[in-house]
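The sequence and structure come first.

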Amino acid sequence: MTYRFFTPTPTRAATGRTAAVYQQLRDDFLGPLPTFQALSAVPEVLAATWALMREALLAGDAPRVERELVAAAVSRANHCQFCVDAHVLLLHALGAPTLAEAVARGETPTEPRHAALVDWAQASRSPRAADWTSTHGPEITGTLLAFHFINRVVSALLDPDLLPGGLQRSPLVRSVGGRLYAKAARESKEPGRSLPLLDADPTASRPAWAGDSPVGIAYASLRDAAARGGELLLGDVARQTVTATVRWEDGRFPARPADWAVDLVRDVPGTDRIGTRIALLAAFAPSAISPGDVALWRLSHPADADLVRLVAYGAITATDHVARALASARL
């Protein structure tokens, strides 16, 4: 696994909240995966991302196969091959190899409910254009939102190959990997265990779609922690440009992301142009963030934490556009 712009601190050197997140990852998932290590420079974003994924994808009563299917489908809609591969493997681990291989090939599942979940997840990329809403509970809806955010972080900060040469795309490797992770994937997880890691007030900020589920607390915490990066790093005009573009473009993939982003930041104050460009690319085409973009950003913001905050801000702006479409449909 290759990190695109920096190498995180080794897991053995983690302390405080980061170490606590890594321990939960060892206990409940597959260990401190690169996705979470890439966020470790900003512990509050790391903890909130883990909490949302854990409470939505792993804990609770919704069928885990359905949640993994949603994770894989939204990852395909967002062109995040790394995440598609990871969740195809987990479908194998859950004892659904036929479904896993159909997802890997980009085919529509034969089971009608599974096909409907795939269509629903993929339509959420452009919620207004698709007139998208949800009748699903907080765990499935939260899984979808978690991966809208995670896909963008992964595509921005990680190389797409989980294993050298893309070996994770071999059906044999997927099958063997699924057997290795079967026990961990099938164990039930107690809801709410991740919430003490968060800064959020457990009695506040729950989105309406989540009801009393811990998923709502986790989503609100991630939304607030990631949005804070925009407030810290960008001025008002820059943030307004990012928000307005996300709403106007509604998930459309730019044909030429680099040129598209240049045009959008022309009226942004000079000191904020490169940050706005990176945030916009994180929202729409995160793999198009280039070493040149990052080098320019680091001239004024050399810390890895500021790059992570900026990517997280762009990612949550796009994710919250989906969440707002869901919320408005339920009013």
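Leaving aside its neighbours within four places in sequence, which residues is Leu30 in contact with? The contacts are Leu25, Leu90 and Tyr181. The model is predicted, and every position below should be read with that in mind.

## Leu30 and its loop

Leu30 sits in the loop that joins H1 to helix H2 (34–38). With a relative accessible area of 23%, Leu30 is partly exposed; buried would require under 20%. Arg17 lies 13 residues from Leu30 along the chain, and the C-alpha atoms of the two are separated by 18 Å.

## Helices H1 and H3

Helix H1 (residues 16–28) packs against helix H3 (residues 43–58): their axes come within 9 Å and cross at roughly 20°. H1 and H3 are therefore roughly parallel to each other, since angles under 35 degrees count as such. The crossing of H1 past H3 is left-handed.

On the H1 side, the residues that meet H3 are Arg17, Thr18, Val21, Tyr22, Gln24, Leu25 and Asp28. Their counterparts in H3 are Pro43, Glu44, Leu46, Ala47, Trp50, Arg54 and Leu58. Leu25, one of the H1 residues in this list, is also one of the contacts of Leu30.

## Helices H3 and H8

H3 also packs against H8, with axes that come within 8 Å and cross at roughly 145°. This crossing, too, is left-handed.

From H3, the residues involved are Val45, Thr49, Leu52, Met53, Glu55, Ala56 and Leu57. From H8 they are Glu139, Gly142, Thr143, Leu145, Ala146, Phe147, Phe149 and Ile150.

An unreviewed UniProt entry carries the annotation "domain: Carboxymuconolactone decarboxylase-like" for residues 43–96.

Helix H5 (residues 81–93) is paired with helix H6 (residues 97–104), the axes coming within 7 Å and crossing at roughly 165°. That angle makes H5 roughly antiparallel to H6. H5 contributes Val88, Leu91 and His92 to the contact, and H6 contributes Pro97, Leu99, Ala100, Glu101, Val103 and Ala104. The crossing of H5 and H6 is left-handed.

## The largest nonpolar core

In soluble globular proteins, nonpolar side chains tend to be buried together. The largest nonpolar core in this model has 106 residues, and the members that touch the most others are Trp50, Leu144, Phe149, Leu157, Ile289 and Val311. Helix H15 (residues 304–329) gives the most to this core, with 14 residues. Trp50 is also among the H3 residues that meet H1.

What does Phe149 contact, leaving aside its neighbours within four places in sequence? The list is Val45, Thr49, Leu222, Ala226, Ala312, Ala315, Ile316 and Thr319. Val45 and Thr49 are among the H3 residues that meet H8, and Phe149 is among the H8 residues that meet H3.

Thr241 is placed in helix H11 (residues 236–249). Is Thr241 buried or exposed? Its relative accessible area is 16%, so Thr241 counts as buried, the limit being under 20%. Not counting residues up to four places away in sequence, Thr241 touches Leu264, Val268, Thr276 and Leu280.

Asp250 is in the loop between H11 and helix H12 (257–264). Although Asp250 is not a glycine, its phi is positive, at about 55°. Asp250 is buried, with a relative accessible area of 6%.

## Two exposed residues

Asp131 also has a positive phi in a residue other than glycine, near 50°. Its place is the loop between helix H7 (112–123) and helix H8 (138–157). Asp131 is exposed, at a relative accessible area of 70%, whereas Asp250 is buried.

Leu299 belongs to helix H14 (residues 291–300). Its relative accessibility is 71%, and Leu299 therefore counts as exposed, the limit being over 50%. Gly16 is 283 residues from Leu299 along the chain, and their C-alpha atoms are separated by 29 Å.

Notes
Residues are numbered from 1 along each chain as its sequence is written. This is a predicted model: local features need pLDDT of at least 70, side-chain atom pairs count only at pLDDT 80 or more; totals for chains, interfaces and linings use all residues. Side-chain values use heavy atoms; hydrogens and water are left out. A nonpolar core is a set of buried Ala, Val, Leu, Ile, Met, Phe, Trp, Tyr and Cys residues joined through side-chain atoms within 4.5 Å. Buried means under 20% relative accessible area, exposed over 50%, partly exposed in between (1.4 Å probe, protein chains only). Helices (H or I, at least four residues) and strands (E, at least two) are DSSP runs, numbered from the N terminus. Contact means heavy atoms within 4.5 Å. UniProt positions are given in the numbering used here, feature names are shortened, and annotations may be inferred rather than shown by experiment. Axes are lines fitted to C-alpha atoms, for helices over the stretch in contact, and angles run from 0 to 180 degrees between N-to-C directions. Angles under 35 degrees count as roughly parallel, over 145 as roughly antiparallel, 65 to 115 as roughly perpendicular and the rest as oblique. A crossing is left-handed if the near helix is turned anticlockwise from the far one by less than a right angle, and right-handed if clockwise.
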